[in-house]
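Hi everyone, thanks for coming. Please take a moment to look at the sequence and the model on the screen, and then I'll walk you through a few places in it.

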Amino acid sequence: MTTANAIPAAEREIVTRIGAYYEKDGMAADRGEVIGYLLISEPARQLASEISAKLGIPRDAVDKMSDQLVPAEFLIREEAEDGDYYLTLQDATWPRVIQHTFLSWPNFHETMAEGLKALEAEGASAERLARLRNMEKLFGYLAQEMPALWHRYEKSAAVS
């Protein structure tokens with residue numbers, strides 16, 4: 001495997017920062033690095049083996065990341081020779097993926113509100129109720145505000 005210096009320093013900086021962002025979210029940094037690399041790679045379509053070599057990460061990390069994202073149509077995965085495959089990040093998919101996450105918040109809020117009622121009916125402790133109540137308030141607020149935020153985004157994206 002080649003070293004992580006196989007890509008220019010500016011590209012390495014971007015890839016490393018995206019990896020660090022993912023790591024802060026509790027995911028593997030190399031997953032973020034693969035996504036970061038696919039965001040900036042030229043051409044956009046890259047062989048998994050080449051991604052591994054250029055980033056200096058194990059091939060199984062690339063495989064795991066692509067297995068996790070392909071079902072969400074986040075990546076196009078095309079089989080190549082010798083068990084290798086091409087990956088192309090679908091940048092037009094980002095808004096749909098984010099929107100899907102945002103649109104699930106009302107359901108999560110509803111789940112928490114129902115859970116709060118159930119715990120209150122059982123006579124749960126104030127401490128337990130407070131934890132759930134805080135999350136219920138947060139997701140209630142987000143569920144209420146998200147449609148307007150998404151509308152503003154779509155309006156600004158149509159202008160650009």
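**A walk through the model**

Let's start with serine 66, which counts as buried because its relative accessibility is 0%; buried means under 20% relative accessible area, exposed over 50%, and partly exposed in between, with a 1.4 Å probe and protein chains only. Before I go on, a word on the model: it is predicted, so local features need pLDDT of at least 70 and side-chain atom pairs count only at pLDDT 80 or more, while totals for chains, interfaces and linings use all residues. Residues are numbered from 1 along each chain as its sequence is written, and side-chain values use heavy atoms, with hydrogens and water left out.

Back to serine 66, which belongs to helix α4. When I say helix or strand, I mean DSSP runs, H or I of at least four residues for helices and E of at least two for strands, numbered from the N terminus. A polar atom of the serine 66 side chain lies 3.0 Å from the backbone oxygen of aspartate 63. That is a polar contact, meaning a pair of N or O atoms within 3.5 Å; within protein, one must be able to donate a hydrogen and the other to accept it, and residues adjacent in sequence count only if both atoms are side-chain atoms.

Which other residues of α4 are buried? In this helix, residues 59-69, they are Ala61, Val62, Met65 and Leu69, along with Ser66. These residues sit on the same side of α4 because they cover an arc of only 130° around the axis, where the arc is that of the directions from the helix axis to the C-beta atoms. On the other side of α4, Asp60 and Lys64 are exposed. The cover over the buried residues includes α2 (29-40), α3 (48-55), β2 (75-79) and β3 (85-89); contact here means heavy atoms within 4.5 Å.

**The cores**

Val62 comes up again in the largest nonpolar core, which has 21 residues; Val34, Ile51, Leu55, Val62 and Leu87 touch the most other members. A nonpolar core, by the way, is a set of buried Ala, Val, Leu, Ile, Met, Phe, Trp, Tyr and Cys residues joined through side-chain atoms within 4.5 Å. At least two residues of this core come from each of α1 (9-24), α2, α3, α4 and β3. Leaving out residues up to four places away in sequence, isoleucine 51 touches Val34, Tyr37, Leu38, Gln46, Val62 and Leu87. There is also a second, separate core of 12 residues, and Trp105, Met112, Met146 and Trp150 are among them.

**The rings**

How many aromatic pairs are there? The count is 6, using the rule that rings of Phe, Tyr and Trp (its six-membered ring) pair if their centres lie within 6.5 Å; planes under 30 degrees apart count as stacked, over 60 as edge-to-face and the rest as tilted. One of these joins phenylalanine 102 and tryptophan 105, with centres 5.0 Å apart and planes at 50°, so the pair is tilted. These two are separated by about one helical turn, because they are 3 residues apart in helix α5 (residues 93-122). Tryptophan 105 also pairs with phenylalanine 139, edge-to-face, at 5.9 Å centre to centre and 85° between the planes. Tryptophan 105 is in α5 and phenylalanine 139 in helix α6 (residues 126-159), so this pair ties together parts that are 34 residues apart in sequence. Ring pairs link Phe102, Trp105, Phe108, Phe139, Trp150 and Tyr153 into a cluster.

Most residues other than glycine have a negative phi, and most peptide bonds are trans. The peptide bond from glutamate 42 to proline 43 is cis, with omega near 0°, and proline 43 lies in the loop between α2 and β1 (45-47). Aspartate 82 has a positive phi of about 60° although it is not a glycine. You'll find aspartate 82 in the loop between β2 and β3, and it is exposed, with a relative accessible area of 79%.

**Last stop**

Leucine 89 lies in strand β3 and counts as buried at 7% relative accessibility. Apart from residues up to four places away in sequence, leucine 89 touches Ile35, Leu38, Leu39, Phe74, Leu75 and Trp94.
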